[in-house]
Amino acid sequence: MGRGPMGRGGAMAGMGAGRANDTRGALGKLIAYCRSQVRIIFFALILAAIGAIFTIIGPNQISRLTDYIYDGLSSEIDMTGVQSVTLLLLAIYLISAVCNFTQQYIMQTVTQRTAKRLRGDIDTKINRLPLKYFSGNAAGDVLSRMTNDVDMIGQAMSNSLSNLVTAFAQFVGCLIMMFYTNWIMATTTVLATLIGLVLMIVIMGHSQKYFTARQKSLGELNGFIEEMYSGHDTIRLLNAGDEVTKTFSSMNQAVKTANFRSQFLSGLMQPLMTFVGNLGYVVVCVVGAALIINGKITFGVITAFLIYTRLFESPLRQVSQAMTQVQSCAAASERVFEFLAEEEMEDESDKTQHIDNIHGEVEFRHVKFAYPSAPEKEIIHDFSVKVQPGQKVAIVGPTGAGKTTIVNLLMRFFEPTGGTILIDGIPTENIPRNNVHSQFGMVLQDTWLFEGTVRENLLYNTQGVTKEQMIIACKSCGIHSFIQALPHGYDSVLSDNTAISAGQKQLMTIARAMIQNSPMLILDEATSSVDTKTEMLTQQAMDKLTDRRTSFVIAHRLSTIKNADLILVMRDGDIVEQGNHEDLLKLNGFYAELYNSQFEEAS
């Protein structure tokens, strides 16, 4: 709801117009992207050219056939000549059909391979993007680039590319045959068609910016819908439905406007080309009649030119239809390749230092951090602490103190702007991210379960786990009975229709961390969604989970971290107090103030 409709709409219109000049660049990137398919595409072009050549040879033979029949009206029809021309026409059109079918099959195969590869590259790109990209971009807009935009590219390539290839070959071949047959009639037909061609180019130039605006506004609308859908309960609770509807209507109107303008301008091409085609027929009849009177041509030439006019105008009609999708493809390509060109995380192929058989010693040495979007605003100022192997460290403090940021730095989701973080004496910056991540199990405040069986969710990306080990972990978290009560037990599929509470989801993520059995743990308010009774059971399970493991616990509910070996009290990016629970209460400082205030609130 924080994104106003005017801000989104204004940005959409301005950026849509500004990016119109990048259309050729986007299509150029798409063409370069298909360079591995150049040979097969070239072969398809040759087949398209052969098919077009045989197609346009046909009218010349129809002209001969017409002359045989016309001459036979005043005498006897030459049936031998008619038969030979007819058989020749059948062979011509059969070869043309085979060539066109083959090139269509090839082009469809190429486009689908390209679309598949594009999706694969996007999937790979996601894993290479730093966390700051997802923090600064709406999830719905990212999903729109992966789904709507890629689908648009695939549809445009599948439906339009082969048509454009055929149309180009037919256009050039038809042009040659018309001038070969009669240059006077060819010139008049081409001049009549050029009127429509010029108008089509003008329309395309004006409509492209609206195709770009359409894809951008659609992505922003998807982002807004995703945000509002995920927060649907909160919106209803705050009675903010009218405000959300108002914002949605404004953004929906922006999509409608861009859609209308792009489709209206591109839709003008079809009636325009129909008019040009009809004008061509009139020109052929008038000019042809004059030439017959003067004895310059035979009646069969007019018949041939009537067909040539249709064949010559048909590619332009196909182009006018295909360009609508091509323009959409250009706008979608611009967004997709913009995503693929985003700055990636540092390449770590040269980092050979790994940590195995970890002891669990973690040290922060004068760590500083500021988000890349606001480098002048330092979040972590001078964070220094040394954690011994097996210690349970709790990080507490008010909202915005930097607790989650510390964990993100430890996991290398972000890199410190100053200082060093070490694991077992090795700077994390020298260790590949994957190796760092593999040392930690995480339980976050925001639970994540996907549509799949309970077993698949519990064992996600963990190999070699027995059924007994899985059940022990679930019993420790108090969810074994709940799972057994599901229709198919551990093989029950979790979906939006499955009756499972937020607390049960949280307990499942805790069980997943226990099954993962990583040497170190990060618990970000892991018991926030459970009731008091369940919290006691969960706390016992967490104690077993953290036993002899270095663990970092971010907690707002201070009663859950009384048994922590070390409590770091943070405020405004600094450690203001540290010690165990009893020592910090004796200090009667900031921690004691936070702890006592929670009991006052509870009472």
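Colleague: Where is the place of Ile-46 in this one?

Modeller: Ile-46 sits in helix α3, where helices (H or I, at least four residues) and strands (E, at least two) are DSSP runs numbered from the N terminus. Please keep in mind that this is a predicted model, in which local features need pLDDT of at least 70 and side-chain atom pairs count only at pLDDT 80 or more, while totals for chains, interfaces and linings use all residues. Residues are numbered from 1 along each chain as its sequence is written, and side-chain values use heavy atoms, with hydrogens and water left out.

Colleague: And how does Ile-46 count, buried or partly exposed?

Modeller: Ile-46 counts as partly exposed because its relative accessibility is 35%; buried means under 20% relative accessible area, exposed over 50%, and partly exposed in between, with a 1.4 Å probe and protein chains only.

Colleague: What about Gln-37, where is its place?

Modeller: Gln-37 lies in the loop between α2 (23-33) and α3, and with a relative accessible area of 16% Gln-37 is buried. The C-alpha atom of Gln-37 is separated by 7.0 Å from that of Val-110, although the two residues are 73 apart along the chain.

Colleague: Changing topic, how many salt bridges does the structure hold?

Modeller: There are 9 salt bridges in the structure, each being a side-chain nitrogen of Lys or Arg within 4 Å of a carboxyl oxygen of Asp or Glu. One of them joins Arg-335 to Asp-149, at 2.6 Å from N to O, and this pair links distant parts of the chain, with Arg-335 in helix α11 (residues 299-340) and Asp-149 in helix α6 (residues 139-181), 186 residues apart.

Colleague: Are Arg-335 and Asp-149 buried or exposed?

Modeller: Arg-335 counts as buried at 3% relative accessibility, and Asp-149 is buried too, with a relative accessible area of 0%.

Colleague: Which residue forms a salt bridge with Arg-117?

Modeller: Arg-117 is bridged to Asp-121, their closest N and O atoms being 3.9 Å apart, and since the two are 4 residues apart in helix α4 (residues 79-128), about one helical turn separates them. Arg-117 counts as partly exposed at 35% relative accessibility, and Asp-121 counts as partly exposed at 29%.

Colleague: Which residues are linked in a network of salt bridges?

Modeller: Arg-412, Glu-415 and Arg-433 are linked in such a network.

Colleague: On to the strands: in what order do the 4 strands of the open sheet come?

Modeller: The order is β2-β1-β4-β5, with antiparallel pairing. The edges are held by β2 (378-387) and β5 (426-427), each with a single partner strand, so one side of each has no neighbour in the sheet. Between strand β4 (residues 418-423) and β5 the antiparallel pairing runs over 2 bridges; two strands pair if DSSP finds at least two bridges between them.

Colleague: Why is β11 largely enclosed by the rest of the structure?

Modeller: Strand β11 (residues 566-571) has 5 of its 6 residues buried, so the rest of the structure largely encloses it. Strand β3 (residues 392-396) runs parallel to β11 and is joined to it by 4 bridges, with Leu-566 in β11 as the bridge partner of Val-393. β11 also pairs with strand β12 (residues 574-579), in the antiparallel sense and over 5 bridges.

Colleague: Which residue takes a positive phi in the hairpin of β11 and β12?

Modeller: Asp-572 does, with a phi near 55 degrees, in a hairpin that has 2 residues between the strands.
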